[in-house]
Amino acid sequence: MTGDDERPPVDIWTDGACKGNPGPGGWGVLLHAGTHTKELFGGESDTTNNRMELTAVIEALRALNRPCQVVAHVDSTYVMKGVTRWMDGWQRKGWKTASGSPVANQDLWQLLNTELARHTVRWVWVKGHAGDPGNERADALANQGVPS
């Protein structure tokens, strides 16, 4: 396995958007590594905001062609708490919640878990719509991804 000191640093900002919940939704990603910047977006015609928030992070990590040291800037408390507080327990319980119910969006949480295994990730929560330039750009990209 590659040591962290050999992994290039990358900052990602991700966001999801939904017009109705459920409804048409989009996801947006801003990646920044050194002097390189990349923007990604996409969407689905029938989805939820939480699914788009998760998809944004998954697509950001998938876009990295080698293991990286990632600083993930997210405005979703759902994603933040899911990764930092809930996911380990869900896995131990066979993707069940504390009450024994199936985890919502399990398919996406499992995809995210696979992507996380490739990278070293530090999570940073940012307040949405509060002037963080990376978050504002990810939000604009997410809205661009919403199917019309």
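User: Which residue is the bridge partner of His 73 in S5?

Analyst: Keep in mind that this is a predicted model. Strands S4 and S5 (residues 120-125) run parallel to each other, paired over 6 bridges. Looking across from His 73 into S5, the bridge partner is Val 124.

User: And on the S1 side, which residue of S4 does Ile 12 stand opposite?

Analyst: Strand S1 (residues 9-18) also pairs with S4 in the parallel sense, over 6 bridges. Within S4, the residue facing Ile 12 is Ala 72.

User: How many of the 6 residues of strand S4 are buried?

Analyst: S4 spans residues 69-74, and it's largely enclosed by the rest of the structure.

User: Switching to the aromatics, is the pair of Tyr 78 and Trp 109 stacked or edge-to-face?

Analyst: A search of the whole structure turns up 4 aromatic pairs. For Tyr 78 and Trp 109, the ring centres sit 5.4 Å apart with the planes at 65 degrees. Planes over 60 degrees apart count as edge-to-face, so this pair is edge-to-face.

User: Which helices do Trp 90 and Trp 109 lie in?

Analyst: Their rings have centres 5.1 Å apart and planes at 70 degrees, so they make an edge-to-face pair. Both of these Trp residues, Trp 90 and Trp 109, are buried. The pair ties together parts 19 residues apart in sequence, because Trp 90 lies in helix H2 and Trp 109 in helix H3.

Technical notes. Residues are numbered from 1 along each chain as its sequence is written. This is a predicted model: local features need pLDDT of at least 70, side-chain atom pairs count only at pLDDT 80 or more; totals for chains, interfaces and linings use all residues. Side-chain values use heavy atoms; hydrogens and water are left out. Buried means under 20% relative accessible area, exposed over 50%, partly exposed in between (1.4 Å probe, protein chains only). Helices (H or I, at least four residues) and strands (E, at least two) are DSSP runs, numbered from the N terminus. Two strands pair if DSSP finds at least two bridges between them. Rings of Phe, Tyr and Trp (its six-membered ring) pair if their centres lie within 6.5 Å; planes under 30 degrees apart count as stacked, over 60 as edge-to-face and the rest as tilted.
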